Amino acid sequence: MSEFASPLEDQQGLKKNLSMEIDGPVATQGLATAEDWRKALSAVVPAVVVLRTTATRAFDTESAGVSFATGFIVDKVRGVILTNRHVVKPGPVVAEAMFLNREEIPVYALYRDPVHDFGFFRFDPGALQFMKCEEIPLAPEAASVGLEIRVVGNDSGEKVSILAGTLARLDRDAPHYKKDGYNDFNTFYMQAASGTKGGSSGSPVIDCQGQAIALNAGSKSSSSSAFFLPLERVVRALDFLKRSNDECSSGWHEVHIPRGTLQMTLLHKGFDETRRLGLQRKTEQIVRQASHADETGMLVVDSVVPGGPAHKHLEPGDVLVRVNGEVVTQFLALEMLLDDGVGNSIDLELERGGIPVKVTLQVQDLHSITPDYFLEVSGGVIHPLSYQQARNFRFNCGLVYVAEPGYMLSRAGVPRHAIIKKFSGEEITRVEDFISVLSKLSRGARVPLEFVSHVDRHRSKSVLVTVDRHEWYAKPQFYTRNDQSGLWQRRLAIPLVETLPAPVSIHNDEKVTTLKSQESENGEVDRVEGQSKATDRELTDIGTNVSGDVNLSDPQNFLSNSTNIGRSESKKRRLLQEVADEGLVASDGTLEQLEGGLDDNRTPGNIPGFGELGIAGKRNGSIAEQVIEPTLVMFEVHIPPSSMLDGVHAQHFFGTGVVVYHSATMGLVAVDKNTVAISVSDVMLAFSAYPIEIPAEVVFLHPVHNYALVAYDPSALGSTGAAAVRAAILLPEPALRRGDAVYLVGLSRSLQATSRKSIVTNPGAALNIGAADCPRHRAMNMEVIELDTDFGHTFSGVLADEHGRVQALWASFSTQIKYGDSTPDDHQFVRGIPIYAISQVLDKIINGTEGPPFPINGIKRPMPLVRILEAELYPTILSKARGFGLSDAWVTALIKKDPIRLQVLRVKGCLAGSRAERVLEQGDMLLAIDGEPITNFRDVEDACQRLDESKDPEGHLKMTVFRQGLELELLVGTDVRDGFGTTHMANWCGSVVQDPHSAVRALGFLPEEGHGVYVARWCHGSPVHRYGLYALQWIVEVNGKPTPDLQTFINVTKELEHGDFVRVKTVHLNGKPRVFTLKQDLHYWPTWELTFDPETAAWRRRTIKALSDDFSS
């Protein structure tokens, strides 16, 4: 498969002895002259074409992708091009042929052999306008050892290359490329030292008369060896195609070329080897007498596919002697008998360890075990296991095979090449069984799936599959190959009337999945024992505000009636007595006051140290750990590959969050944005207080700071779980100082609380995170907390005082580190985020604020808007600021304002498109706002908050700025941002486009051509992959029409038709413009958009443009 950079043969599959064996006829013609070759090549080169192929979906042995290869015309009248099977592809393919004069014509797959590495494309000869078609005759009989050859093709992407060589062998074993991919077998190959490389797959191997004597297929990079496929079976297949086309006056239609198989692999072994396998001397003499004088060996069974005709009848090591009474020692003779005997029985005579064996087998239709359809679900591809992969993996043909897991299956840990055995408790033997089970499941359902992998074939694995809760992907659909059109036709796998979409929000009657099992990293489920940390007592009060005090006047804070208040008082007295008996004391040695503790939701079932486990189970933990543990939550976040927006750098995240609000109707959890980076996410929460896992929804992403708020439905926890979980007590003031002792508390992957006592070394370390190569969220304008000791860069949690009151979120931050000229590596580190930043937003959500409504568990709540100064700032120490000319008076004023930091804020840059962009300049020193000196980031945030409270419609900050020796009074505009993140995206020709997000704007540049839409991602096998429209650039024009924003872009592209060539103007992040064309493909890549619906808090997918006969998806 040399168009894929000449894949190497597996070294274990290579024969050690590659010496030349002269066992074919030796070339006897005279040496060809240069003139002979000139004439031959002048006739051959016009018939050779460069093929640009795009596999639009992963299928069977091939992945989705783009490649270049070679083909040559073998019938110029009918328009038939011969190339390799791995070029034609077993699955959906879009291809074009570029002729010698650079004319490009679409070509369509006509036939691909199920086993051998050849296939045909067809094209319309009438579409070639400026060049006369030529064809190359096929002459397989002309091949001989010592024959001088030329390989003409697109070697190394050079369009036309001519490589010389000499045939050295005609009986080489078929090359072995991959253990889990396509390999040819049951045929000889030719070998020559022609040194072909990537792009030359499908090149004709010609002699001096201009005849093709073989088809170039692959090469070995470690040497100059090239491998050629003999053409005998190619000639037969071409004859079938010609006869079929002649019989049909309306053009090409599906052609059936008989191909037979016994589902066994044979190797040609020398007579010495067959004798060692037990071949009798007399049998060898019979074979030698019946064969050609130059015969060197016999066919030996190498492997048998389970469940095939030869299974349990033939064994590895069997030596084939006769077929239907005739001695057969060559692959070609056996294949002729099988192809001509499809559906009939065939008699085999073999020797097994010297013992004659006779068997009669039924010849199977090879096409019947070659899949011609697949199911696409949640971005995954599932189809019957092909003969190729069944041979590689030693499984039965037809099993349900995962060619590409996509989102739903990969999220559960199902790998590529898996075989699905059970789904939701039902046996799965066909693809139709899988879709039948799936059609009965509602959105968000979690069901078990059992699969087996070829790398661990003796053990089945069970995982939990979650049906997509949002419309990340199109509805499940079948694609079926149509050889008449060359396309794969699609249809809905589940009729619309049978779909059962469930509401995204969680309701009280939703099934709850208890964590009786926990998925390990490899997707396997390990059984773990789970016991509740809380008893099933009445839930009296689970709603707290920021300070931890309960509002007794709010009926939503209670799940029971007013009689529970009296029960609460009795519980309080009982708890006080139990605490006194146990001797639980505060840090000052006095009895700890628990009235406030009861008000912040402590009941006998959820007070740390009480309940079913008893206090003995907690003696190893500190009081802070015992108090914090019921508030901790382990996040598992998955992002669908189809919607990886805002530069998010991974699809799967883990992290620890803390419950900051817990009432009867709403629960809120705070977590860092390196765990929950974007709102297009599937979030699962596992609670430390109770063994349960439930979904959650992102409700707030701070536009600047590194934290997010996620909502869950407390009713999904059940009464016992809701009683066990509690909200943390937040302590925003007083702020931590250097030398303060804190408790770092977090969770391990096994949901075990871990804590240690640490000392604050720097309570106000200014973050300075550089932009990533692919811009993504990076925290800016933040001061974070540093400790003397922690648990490493992957451990997150909270910082609390000795009473368990949360003072900071111990959060994970993402950055990139580059060593020398190497590619930057993603790196993460942990720092503390002061809890005041979270408590301010939390208080607005709980108590109500002015802002856009957002449905949380079916109740619309106004979400806060955040006013920010969209400029990236950094601190400079005053001694350096003085060197820039800052006056003594200002230095004194800043020291008086903040005698600890001794710094001034400077402007690193403004976000492109912000109101501050044309006012502030890089290097400006920010001295004061409204005449009040400012020294840190919080001062700027407080000024923005005061501006909000003043209801100033202009939104200007009155700033005193020091710029190049001058003090300036400026009115600097601020911007108001919501906490929803990106809520709209589109997929056009396989590119994921969105409006530029803040991380892109933070680079300080937007195209002058009206900004444009930003390409965040691209898909393999799509038109943008084919024509090179990659990420990190803006699309500013389509066919000359400006596209300044996403909605305008959608309006422009929806007017484009299938097959149109589109002129696109882009601007890269580095500012470099580019204009190119691409061909729109609405059959495999319809245009669609994904939008967040604020009415239902659900993501909705809508098809914008597809072929007229396609269904809406």
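Contact is taken here to mean heavy atoms within 4.5 Å. The structure is a predicted model, in which local features need pLDDT of at least 70 and side-chain atom pairs count only at pLDDT 80 or more, whereas totals for chains, interfaces and linings use all residues. Residues are numbered from 1 along each chain as its sequence is written, and side-chain values use heavy atoms, with hydrogens and water left out.

Asp117 lies in the loop between strand 5 and strand 6, where helices (H or I, at least four residues) and strands (E, at least two) are DSSP runs numbered from the N terminus. With neighbours within four places in sequence left aside, Asp117 is in contact with Thr83, Asn84, Arg85, His86, Tyr182, Asp184, Tyr189, Leu215, Ala217 and Leu229. The relative accessibility of Asp117 is 0%, so this residue counts as buried, a word that stands for under 20% relative accessible area, while exposed stands for over 50% and partly exposed for values in between (1.4 Å probe, protein chains only). The side chains of Asp117 and His86 are joined by a polar contact of 3.0 Å; such a contact is a pair of N or O atoms within 3.5 Å, and within protein one atom must be able to donate a hydrogen and the other to accept it, with residues adjacent in sequence counting only if both atoms are side-chain atoms. The C-alpha atoms of Asp117 and Asn216 are separated by 9.5 Å, although these residues are 99 residues apart along the chain.

His116 is also placed in the loop between strand 5 (104-112) and strand 6 (119-122), and is buried, with a relative accessible area of 2%. The side chain of His116 makes a polar contact of 2.9 Å with the side chain of Asp184. Beyond the neighbours within four places in sequence, the residues in contact with His116 include Arg85, Tyr182, Phe185, Arg233, Arg259 and Glu335.

Strand 9 (residues 188-192) is largely enclosed by the rest of the structure, because five of its five residues are buried. In a regular strand, the side chains alternate between the two faces of the sheet. Both faces of strand 9 are covered, with Phe188, Met190 and Ala192 buried on one side and Tyr189 and Gln191 buried on the other. Strand 9 pairs with strand 8 (residues 161-173) in the antiparallel sense over four bridges, pairing being assigned if DSSP finds at least two bridges between two strands. Strand 9 also runs antiparallel to strand 12 (residues 226-229), to which three bridges join it. Ala192 stands opposite Leu167, and Ala192 likewise stands opposite Ala226 in strand 12.

The structure holds 56 salt bridges, each being a side-chain nitrogen of Lys or Arg within 4 Å of a carboxyl oxygen of Asp or Glu. One of these joins the side chains of Glu104 and Arg52 (3.6 Å, N to O). This pair links distant parts of the chain, since Glu104 is in strand 5 and Arg52 in strand 1 (residues 48-55), 52 residues apart. Glu104 is partly exposed at 44% relative accessibility, whereas Arg52 is buried at 17%. In another salt bridge, the closest N and O atoms of Glu284 and Arg275 are 2.8 Å apart; Glu284 is buried at 5% relative accessibility, and Arg275 is partly exposed at 25%. Arg805 forms a salt bridge with Asp801, with the closest N and O atoms 2.7 Å apart. Salt bridges that share partners also join Asp113, Arg233, Arg236, Arg259, Glu335 and Asp339 into one network.
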